[in-house]
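Colleague: I am new to this structure and would be grateful for a guided introduction. May I put some questions to you?

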Amino acid sequence: MQFKASEVVTGPVEDVFAQLSDVAFYERMALENGIAVKRLDKLPRPGPGMRWQIPFRARGRDRIAEMTMVTLHAPQKMRFEGAVQGLLFEVDVLAEALDPNATEVTVATKTRAKSITAKVLLQSMKLARDSLNKGYRKRVRKALRQLEDRLHADG
């Protein structure tokens, strides 16, 4: 199953990507929202090999997702891969300069199942595909508007 959302962000691609790849910001934001993200690597700056454990509650149960940054090609692309209880996911973040002060950001998430439980979950997600897609696009839009606000507050 795949989710995809694109938005145009006002700002040069290099500045937008710098904000997108500021993993320390996202770690702080998660902590402020009560999510105890645990960093599993010791890399001094963002790059492939960065790893996290992300605890969350879903369907009344505590779960832990593991996520790894597998690609970082500034200022165009980042890829993360992860898993949670037999559900594998890939997240691609792409930035494309439209002009010197406009950047299109596309976030795409692909999921696939490795276990029977995850296959059942994916089937139920497929039944709710339209509402899940709408929510995904809304969350990406909100996150990119916040990124844009940070970008213009800094500059």
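This is a predicted model: local features need pLDDT of at least 70, side-chain atom pairs count only at pLDDT 80 or more; totals for chains, interfaces and linings use all residues.

Colleague: In what order do the strands of the open sheet lie?

Modeller: The sheet is open and has seven strands, with antiparallel pairing. At its edges are β1 (2-10) and β2 (38-39), each of which pairs on one side only. The order is β1-β7-β6-β5-β4-β3-β2.

Colleague: Which strands does helix α1 touch?

Modeller: Helix α1, residues 13-20, packs on the sheet, and its direction makes about 155° with that of β6. The strands it touches are β1, β4, β5, β6 (87-99) and β7 (102-113).

Colleague: Is the ring pair of F25 and Y26 stacked or edge-to-face?

Modeller: F25 is buried, at 19% relative accessible area, whereas Y26 is partly exposed, at 32%. Their ring centres lie 5.5 Å apart, with 75° between the planes. Planes over 60 degrees apart count as edge-to-face, so the pair of F25 and Y26 is edge-to-face.

Colleague: How many residues apart in sequence are the parts that the pair of W52 and F80 ties together?

Modeller: The ring centres of W52 and F80 are 6.1 Å apart and the planes stand at 55°, so this pair is tilted. W52 is buried at 4% relative accessibility, and F80 is buried at 11%. Because W52 lies in strand β3 (residues 51-58) and F80 in strand β5 (residues 77-84), the parts tied together are 28 residues apart.

Colleague: Which residue of the sheet stands opposite F80?

Modeller: Strand β4 (residues 61-73) runs antiparallel to β5, and seven bridges join them. The residue opposite F80 in β5 is M69.

How values were computed:
Residues are numbered from 1 along each chain as its sequence is written. Side-chain values use heavy atoms; hydrogens and water are left out. Rings of Phe, Tyr and Trp (its six-membered ring) pair if their centres lie within 6.5 Å; planes under 30 degrees apart count as stacked, over 60 as edge-to-face and the rest as tilted. Buried means under 20% relative accessible area, exposed over 50%, partly exposed in between (1.4 Å probe, protein chains only). Helices (H or I, at least four residues) and strands (E, at least two) are DSSP runs, numbered from the N terminus. Two strands pair if DSSP finds at least two bridges between them. Contact means heavy atoms within 4.5 Å. Axes are lines fitted to C-alpha atoms, for helices over the stretch in contact, and angles run from 0 to 180 degrees between N-to-C directions.
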